[in-house]
Amino acid sequence: SFLYGMGALIEGVSGTPGWSGAVGLTVLLLGRIVYGLGIGLAMHGAPTYIGEMAPASIRGLLVSLKEGMIVLGILAGYLVGFLLRHRAGAWALTYGVSVVPALAMGCGAYALPPSARWLVLRAQRSPDEASMLEQRALASLRFVFNDDTVAESALAEIKTQCASSDEE
């Protein structure tokens, strides 16, 4: 979300009055690159996190909702562009307004617990921290599952899967 927000901000300032066309275009292209990297990372990171953390019964729904949010974001961008179509230089605001969803995405992602699978993999590589990391993985699974028995069962399954993939 940081790259996404920074790219949107850079794109938004690319229309600064007084800049030559070449400077403005260069800044716009730099913003597009940063923005694209941020969006690309989010596009691949979110499904991975959903796949590792969501219960199987709602995993497909969550991935579909992520895709729906992308479409709504595109629609919102077109709507902002449409509403600002008669203002000179407003095209830069169309890009810059993306800072708002970037901030929302960053705050939302920050509030999520780390992936239990990632914590278990780290525990396998750091024997002296293994107990603490496994407790964090269990806490992470308790965020998803209300039942402690289900969370403990999921942790055992993750540990088994990670151990068997480590042997291969």
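Q: How many aromatic pairs does the structure hold?
A: There are 2 of them in this predicted model. In the model, local features need pLDDT of at least 70 and side-chain atom pairs pLDDT 80 or more, while totals for chains, interfaces and linings use all residues. Residues are numbered from 1 along each chain as its sequence is written, and side-chain values use heavy atoms, with hydrogens and water left out.

Q: Why is the pair of Tyr4 and Tyr35 called edge-to-face?
A: Rings of Phe, Tyr and Trp (its six-membered ring) pair if their centres lie within 6.5 Å, and planes under 30 degrees apart count as stacked, over 60 as edge-to-face and the rest as tilted. Tyr4 and Tyr35 sit 5.3 Å centre to centre with 65° between the planes, so they pair up and count as edge-to-face.

Q: What makes this a link between distant parts of the chain?
A: Tyr4 belongs to helix H1 and Tyr35 to helix H2, 31 residues apart.

Q: Why is H6 described as roughly antiparallel to H7?
A: Helix H6 (residues 116-125) and helix H7 (residues 130-144) pack at about 170°, their axes 8 Å apart. Angles over 145 degrees count as roughly antiparallel (under 35 is roughly parallel, 65 to 115 roughly perpendicular, the rest oblique), so H6 and H7 get that label.

Q: Which residues make the contact?
A: Heavy atoms within 4.5 Å count as contact. On H6, Ala116, Leu119, Val120, Arg122 and Ala123 take part, and on H7 you'll find Leu133, Glu134 and Ser140 among them. By class, that contact has 8 nonpolar, 1 polar and 3 charged residues.

Q: How much space lies in the largest pocket, and which residues are closest to its centre?
A: The largest pocket holds about 1600 Å³. Tyr4, Ala42, Met69, Ile70 and Met105 are the closest to its centre, out of 41 lining residues. Its lining has 31 nonpolar, 8 polar and 2 charged residues.

Q: What about the second largest pocket, and which element gives the most to its lining?
A: About 180 Å³ of space lies in the second largest pocket. Of its 14 lining residues, Glu52, Arg59, Arg117, Ala154 and Ile158 are the closest to the centre. H8 gives the most to this lining, with 4 residues.

Notes. Axes are lines fitted to C-alpha atoms, for helices over the stretch in contact, and angles run from 0 to 180 degrees between N-to-C directions. Helices (H or I, at least four residues) and strands (E, at least two) are DSSP runs, numbered from the N terminus. Ala, Val, Leu, Ile, Met, Phe, Trp, Tyr, Cys and Pro count as nonpolar, Asp, Glu, Lys and Arg as charged, and the others, Gly among them, as polar. On a 1 Å grid over the protein atoms alone, a cavity is a set of points where a 1.4 Å probe fits but cannot get out, and a pocket is an open set with protein on both sides within 12 Å along at least five of seven lines; lining residues have an atom within 4 Å of a point. Grid points are joined across faces, edges and corners, and a volume is the space filled by probe spheres set on the points.
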